[in-house]
Amino acid sequence: MTDTPTQLFIGGAWVDAADGATMPVDDPATGEILCHVADAGPKDAKLAEDAAVQAQEEWARTAPRVRSEILRRAYEIIIERTDELAHLMTSEMGKPLAEARGEVAYAAEFFRWFSEEAVRIDGGLATLPDGRNRMLLSRRPVGPCLLITPWNFPLAMGTRKIGPAVAAGCTMVLKPAPQTPLSSLALAAILKEAGLPDGVLNVVTTSRAGEVCEPLLRGGRIRKLSFTGSTAVGQLLLAQSAEAVVRTSMELGGNAPFVVFEDADLDKAVNGAMVAKMRNMGEACTAANRFFVHRSVAEEFGRRLAERMGALVVGPGTRDGVDVGPLIDRRGRAKVEELVADAVERGAQVLVGGRTPEGPGSFYPPTVLADVDPGSRLMDTEIFGPVAAILTFDDEDEVIRRANDTPWGLVGYVFTEGLDRALRVSERLEVGMVGLNTGLVSNPAAPFGGVKQSGLGREGGRVGIDEFLEYQYLAVPVS
Ligand code: NAD
């Protein structure tokens, strides 16, 4: 997009970094530089925080209906500009245009959903058990927030946080991933156009995440951190948030089990696997990472999955007919290559793919590995690439134990035609979400999030707004 902003967005104005620094944004399909954007330092972060703090009181007093309608207008603008936003996203992130269009719709839906939630923030009035006192409960915005987003869903991870924050009456500083700043800057421009008052949303793009975020978290003025990213960075930010007792929501990494029982409908299982593995080229926290397939159907499942994976067209996301774009960068690709090499060394069979192509960009082919050794590194590492690793199992207790044998617990997928088994296994999986005979769980109306080291809190659904609200209780004597 020729008119995409490339400066910082602070107090409603587009500004350069105080020291004039810029950083490049690369096209992962070519490795070439697309453009440069402002590279914020701690001074800029402080200005953004000042703007958010200053805007907070008035924004909290703004009528819910006004906040709601800003989100609704922004939703409509995003939908109108689907093509433009999808091209922008594909250029900085790599995903094929069809997937980028899907993400634009998914991202916009968070604004529509939270425009509807903004006007349903409730309170309460009750007589306390002693009969002498009343309890008056109101809900108030938590205050200025720091929102930190990853590169894999550049638009939707932003709207999933900005939507509930705006609905609740919070102001915010958004720090997008350095690989994909353009989608967030375009989003800020859309919110301004939709009527969001100056200072409510501030965007700082930076290559110096630690220097920019740590002072805000320790400073005592930011009251809430909402983070989506890796578990390692989440743990660091939790420690930094402890000092000023900042409320946190954490959407962290995953290591999703994908379990196919002997009574599964293999058509459903293979279709589900294609979505759970290949959405976003496998660069998703919800990506199926470990395929546990019952020994009696493992060979057929592997053969059919390899056939489907091998038929996918790999290429630049902007090209017609492409199913699989490049990975985010060469570093991401090198990690996938190492994980595959390790599995193969330990005896895995390559059913399809597994060979890095020559040429520019960071492409990696859809790959299926069978007979994967449970000690392989990809069993306890997010692959974040188009690689399906298949292991076999013999009975239900065993597979549940193995599926739960990980510090993560974001999502699991279960394929069986037995209702009892479906419910029994789902209940025993230590995860925040389960896909039953489906490979897709994400939906703005559902509470998204994980247990164990996959995170704290939920985004989306009826509870999504709670993360940005505090209770205030007034004790009122009965006179
Ligand atoms: P990452 O943790 O490297 O980065 C995420 C964000 O944190 C980026 O904006 C980055 O600049 C910032 N960051 C890095 N170091 C920081 C620091 N010291 N202080 C403040 N901010 C810092 O993750 P990534 O590679 O961008 O994204 C991939 C990860 O995100 C995967 O682990 C994936 O599972 C996870 N993810 C989780 C969800 C979810 O909802 N659970 C959704 C998408 C992605």
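Begin by selecting α5 (156–168), α7 (209–219), β10 (224–228) and α8 (231–242) in this predicted model, since each of these elements supplies at least two residues of the shell around the ligand.

Next, colour domain 1 (8–252 + 454–476) and domain 2 (256–443) separately, and you will find that the shell draws at least three residues from each of them. If you then show the ligand together with the surface of the protein, you can see that the ligand sits in the largest pocket.

Now select the 29 residues around the ligand, among which T149, R160, S230, L252 and E382 come nearest.

Move on to W151, where the side chain has an N or O atom at 2.9 Å from an oxygen atom of the ligand. Then go to K175, whose polar side-chain atom lies 3.0 Å from an oxygen atom of the ligand. Finally, display the surface of the ligand itself, which has 840 Å² of accessible area on its own, and of this area the protein covers 87%.

Terms used
Residues are numbered from 1 along each chain as its sequence is written. This is a predicted model: local features need pLDDT of at least 70, side-chain atom pairs count only at pLDDT 80 or more; totals for chains, interfaces and linings use all residues. Side-chain values use heavy atoms; hydrogens and water are left out. A residue is near a molecule or strand if one of its heavy atoms lies within 4 Å of it. A polar contact is a pair of N or O atoms within 3.5 Å; within protein, one must be able to donate a hydrogen and the other to accept it, and residues adjacent in sequence count only if both atoms are side-chain atoms. Accessible areas come from the Shrake-Rupley method with a 1.4 Å probe; for residues, only the protein chains shown count as cover. On a 1 Å grid over the protein atoms alone, a cavity is a set of points where a 1.4 Å probe fits but cannot get out, and a pocket is an open set with protein on both sides within 12 Å along at least five of seven lines; lining residues have an atom within 4 Å of a point. A molecule sits in a cavity or pocket if more than half of its atoms lie within 2 Å of its grid points. Helices (H or I, at least four residues) and strands (E, at least two) are DSSP runs, numbered from the N terminus. Domain bounds come from an automatic or database domain assignment.
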